Amino acid sequence: MIEIISIGIVPILILIILGHGYIKGVDIYAAFIEGAKEGFQTAIRIMPYLIAVFIAIGIFRDSSALEMFTDILRPITNLLGIPEEVLPLIMVRPISGSGGLGIVRDIIEYYGPDSFPGWVASIMMGSSETIFYTMALYFGSVGIEDHRHTLKASLVSYGISIFTTIFISRLFY
Amino acid sequence: MLNTIWFLMIFIGIVYGIMTGNIEAVNDVILREAGEGVTFTIGLIGIISLWLGVMSVAEKSGLMNSISNLFRPVVRILFPQIPRAHPAERWILMNFIANMFGMGSGATAFGLKAMKELDSLNPHKGRATNSMAMFLIINMSALQLIPLTIIKIRYDYGSNNPTGIVGPTILATTLSTMIAVIIGKIFEGGKS
């Protein structure tokens, strides 16, 4: 059922929007072209920012520096009651969406989908977002260089959310 | 801050790579990711164009307006600095809705449009406004309600209850977004 909704949502939405426009007498073809014209420019504008972020994340990840950091943090996070198994996910999630998903898959494969680590990892992955990519993308698109408090606020709330998410996971497990 | 983090990620990565004899992997990843940045952007062009086209229809038919009238109070509370009925309101809402339903590429297209509108209200170009910061902070706190990809993975690995995570995930997402809004409001201080 969920799968049908997920596959159907985009076509059905397009159908509703275009159908509504047609009934209202909008020249939907011309309107579509007018809007779509902006797509190319918009995408090209964000390219340098994406390259910059991708490279930094790639180097940090593939040099195993990320693993080193995870190992350094482990004793501290253990003390704070963060399940050791999901620590790599906590570290990777803000910098890479596909990386985070890969870790969730590993955790589920190794501990099982209904184990506690598999449970926490699933919930954590679904309730967090890739921070650095999103910021580079959106700020880059309008040439904002001074981000002010954005990153700080985001990282602090991510930090707090980790604990609330673990708490919720325990509650419902 | 991003300046420092960006440098540190590259610096630590390369130095650590040299120390552990991993420099080949570092070299490979630099070349690969530079190309990946280009392919990724090109991959986005089609989907972004599609959504901007479809939404242009919704804009002209008045559908977008009806939806933003419905949810306007939410925007008014979160973004008090946006003038009433400014186009930024609409695109922010479209971005939130697309995000909630897990339409990532649509959300990106609308989000970029929202940023453009927010920047038209920006008195200091190149510097983020409170509204921009809040918009991103909310986006980076995750809004998606049903994590379909995760459910699929759980199903594939034989979970007894693949969708069991939906309730807790919605709760966790709601909480994390509320936390993000509060922290965002605290950190923005009195400045515009």
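In this predicted model, Thr42(A), Arg45(A), Ile46(A), Tyr49(A), Leu50(A), Ala52(A), Val53(A) and Ile57(A) of helix α2(A) meet Phe132(A), Tyr133(A), Ala136(A), Leu137(A), Gly140(A) and Ser141(A) of α7(A). Two residues are in contact if their C-beta atoms, placed from the backbone, lie within 7 Å, and helices are DSSP runs (H or I, at least four residues) numbered from the N terminus.

**Packing of α2(A) and α7(A)**
- By class, this contact has 10 nonpolar, three polar and one charged residues, where Ala, Val, Leu, Ile, Met, Phe, Trp, Tyr, Cys and Pro count as nonpolar, Asp, Glu, Lys and Arg as charged, and the others, Gly among them, as polar.
- The axes of α2(A) and α7(A) lie 8 Å apart, and the helices pack at an angle of about 145°, with axes fitted to C-alpha atoms over the stretch in contact and angles running from 0 to 180 degrees between N-to-C directions.

**Contact between chains A and B**
- Chain A gives 84 residues to the contact and chain B gives 87 residues.
- On the side of chain A that touches chain B, α2(A) provides the largest share, with 26 residues.
- The residues on that side of chain A divide into 47 nonpolar, 25 polar and 12 charged.

**Domains of chain B**
- Chain B is divided into domain 1 (1-46) and domain 2 (62-188), with bounds that come from an automatic or database domain assignment.
- The centres of domain 1 and domain 2 of chain B, taken over C-alpha atoms, are separated by 28 Å.

**Conventions**
- Residues are numbered from 1 along each chain as its sequence is written, while chains are lettered from A and ligands numbered from 1 in the order in which they are written.
- For this predicted model, local features need pLDDT of at least 70, side-chain atom pairs count only at pLDDT 80 or more, and totals for chains, interfaces and linings use all residues.

Key
Helices (H or I, at least four residues) and strands (E, at least two) are DSSP runs, numbered from the N terminus.
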